[in-house]
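Please keep the sequence and the coordinates at hand while reading.

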2 protein chains.
Amino acid sequence: MNLEQISSTKIFGGWQQVYQHDAESLSCAMKFAVFLPPQAQHHKVPALIWLSGLTCTEQNFISKAGAQRVAAELGMAIIVPDTSPRGKNVPDEDAYDIGQGAGFYLNATQAPWFANFKMYDYICVELPPVLLEKFPLNGLFSISGHSMGGHGALSIYLKNPSNYRSCSAFAPIVAPAQVPWGQKVFTEYLGEDRALWAEYDAMQLIKSGAGSQTPILIDQGTADDFLQTQLRPELFEQACKEAGQPLELNMREGYDHSYYFIASYIEAHLRFHWNYLNK
Amino acid sequence: MNLEQISSTKIFGGWQQVYQHDAESLSCAMKFAVFLPPQAQHHKVPALIWLSGLTCTEQNFISKAGAQRVAAELGMAIIVPDTSPRGKNVPDEDAYDIGQGAGFYLNATQAPWFANFKMYDYICVELPPVLLEKFPLNGLFSISGHSMGGHGALSIYLKNPSNYRSCSAFAPIVAPAQVPWGQKVFTEYLGEDRALWAEYDAMQLIKSGAGSQTPILIDQGTADDFLQTQLRPELFEQACKEAGQPLELNMREGYDHSYYFIASYIEAHLRFHWNYLNK
């Protein structure tokens, strides 16, 4: 396996590392970050997959969220993929919400995107065996993410509930087919077939019977500029209620869409996931 | 007073804010960051001044160090100035270690620097009354910093021990007259007068009798690429020992010069300062 270590830096007694490899599903080189807690020197550990939001790379979460402190205490690895295929040969547009940095964790079917934009396959199919072969992981995963990455975490979890012990999200896009970000990018990546859109729409997946008896945890800031237009957690809440999917939706007074919000509540999310990863 | 709020973002129940004002001592507009803990809504609080390192702005510490969590718990404000004068009319060089981003917390005497590079006056004279007028601060300050900012914290503290309750540093430049970074920039900013250099050299200040009975706290990573060439904490340790200055120097195995190192030990520094700020 072609896996190059880009960096390895000690933090809270563990190691924050970044790797690069040739991602077959994306036809490009991809970076991802791995935090290994101190316990990983002695035994295999469970891992949280973190999916970042629009414009992010593998760097944002690892430098701004402050997650390593609690992960080091618990003994949890954290895997942070990049948010899209990258490179000169990968299609892009001069917009923050489509193309590179905006993979939306789906498999594109439309030109010019379909050759590279297969983030769903990358996260669900290609990356896990790479991680299990290279790192001291015990095979138990949970999944979380922010905004576009919250959409990724929810939709991937709901399509593959047996692959993850638990799922949470910060300020997620829960109903992409109902909001401008999702409508724009789904049309570009998936075309006009709304049945295909529903495959990557957390609210629609819940309505179609996906889910599990494990509660889903969502934190959402009330001062988030995207709350009313792009995020609309009430749509997901209503669908979960009707479907009997347990959901803990915390509306956080005065918090916005930034990593300051994530930093404030990441400890609660890590401990939520640990409760299921450590059973 | 001309003080413009650039941003105000909730984090850990407090507020991370950034302001801009016209800094007379620097003849330019300057940004600084203020973290106000939740307690500041009810009563005046003490503050830590944090001085950042080469290439940094007011943003690095507030987005990467993870300090707000503990500061919010304790009830401590954190003030983070920029590291130099800025702007089109401010001299600069195409180098990371001189000019903009590299103010070194001194008062330059040499052309072209002397009109703007008065960071010592800015931090010691101009900024404190601005802070006390605008924010709910009780007038008690401690001071800390990283690398070039560790040099700033140590030298400013040793020259003004009654202005601060305590001082700490991460990977500080402790003897600028002995190392390449300091020799280069002191020659540029201060000229050839070594007696003037000694005014901004923590080791020299200790040797000249500056100090206090309050211990100084320093954390230094053993895997720091600059340890042997630029930082040399053993020079400061020896001077403190000879002068009777209490010093806690922690050599941290395997840590480098990055904010991952700072994040790992910032809690210990905040609690150290709180011990003196809350007396």
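This is a predicted model: local features need pLDDT of at least 70, side-chain atom pairs count only at pLDDT 80 or more; totals for chains, interfaces and linings use all residues.

**The interface**

Contact between the chains involves 22 residues of chain A and 23 residues of chain B. About 1,700 Å² of area is buried between chain A and chain B, and carbon and sulfur atoms give 56% of that area. How many salt bridges cross the interface of chain A and chain B? The rule finds zero salt bridges there, whereas eight residue pairs, both members at pLDDT 80 or more, are in polar contact between the two chains.

| Element of chain A | Residues |
|---|---|
| Strand 1 | 3–11 |
| Strand 2 | 14–23 |
| Helix 1 | 59–64 |
| Helix 2 | 68–74 |
| Helix 10 | 259–277 |

By residue class, the side of chain A that touches chain B divides into eight nonpolar, nine polar and five charged residues.

**Side-chain pairs**

Over all chains, a search of the whole structure finds 36 aromatic pairs. In the pair of Trp50(A) and Phe61(A), the ring centres are 4.2 Å apart and the planes meet at 20°, so the pair counts as stacked, given that planes under 30 degrees apart are classed in that way. Because Trp50(A) lies in strand 4 (residues 45–51) of chain A and Phe61(A) in helix 1 of chain A, this pair ties together parts that are eleven residues apart in sequence.

The search over all chains also finds 16 salt bridges. Glu199(A) and Lys159(A) form a salt bridge in which the closest N and O atoms are 3.0 Å apart. Glu199(A) is placed in the loop between helix 6 (194–198) and helix 7 (202–207) of chain A, while Lys159(A) belongs to helix 4 (residues 148–159) of chain A, so the pair ties together parts that are 40 residues apart in sequence.

**Backbone features**

Most residues other than glycine have a negative phi, and most peptide bonds are trans. Against that background, the peptide bond joining Ala111(A) and Pro112(A) is cis, with omega of about 0°, and Pro112(A) is found in the loop between strand 5 (77–81) and helix 3 (119–134) of chain A. In chain B, the peptide bond from Ala111(B) to Pro112(B) is likewise cis, with omega near 0°, and Pro112(B) lies in the loop between strand 5 (77–81) and helix 3 (119–134) of chain B. Phe12(A), although not a glycine, has a positive phi of about 50°, and Phe12(A) sits in the loop between strand 1 and strand 2 of chain A.

Note on methods
Residues are numbered from 1 along each chain as its sequence is written. Chains are lettered from A and ligands numbered from 1 in the order in which they are written. Side-chain values use heavy atoms; hydrogens and water are left out. Contact means heavy atoms within 4.5 Å. Buried area is the accessible area (1.4 Å probe) that two parts lose on being put together, summed over both. A salt bridge is a side-chain nitrogen of Lys or Arg within 4 Å of a carboxyl oxygen of Asp or Glu. A polar contact is a pair of N or O atoms within 3.5 Å; within protein, one must be able to donate a hydrogen and the other to accept it, and residues adjacent in sequence count only if both atoms are side-chain atoms. Helices (H or I, at least four residues) and strands (E, at least two) are DSSP runs, numbered from the N terminus. Ala, Val, Leu, Ile, Met, Phe, Trp, Tyr, Cys and Pro count as nonpolar, Asp, Glu, Lys and Arg as charged, and the others, Gly among them, as polar. Rings of Phe, Tyr and Trp (its six-membered ring) pair if their centres lie within 6.5 Å; planes under 30 degrees apart count as stacked, over 60 as edge-to-face and the rest as tilted.
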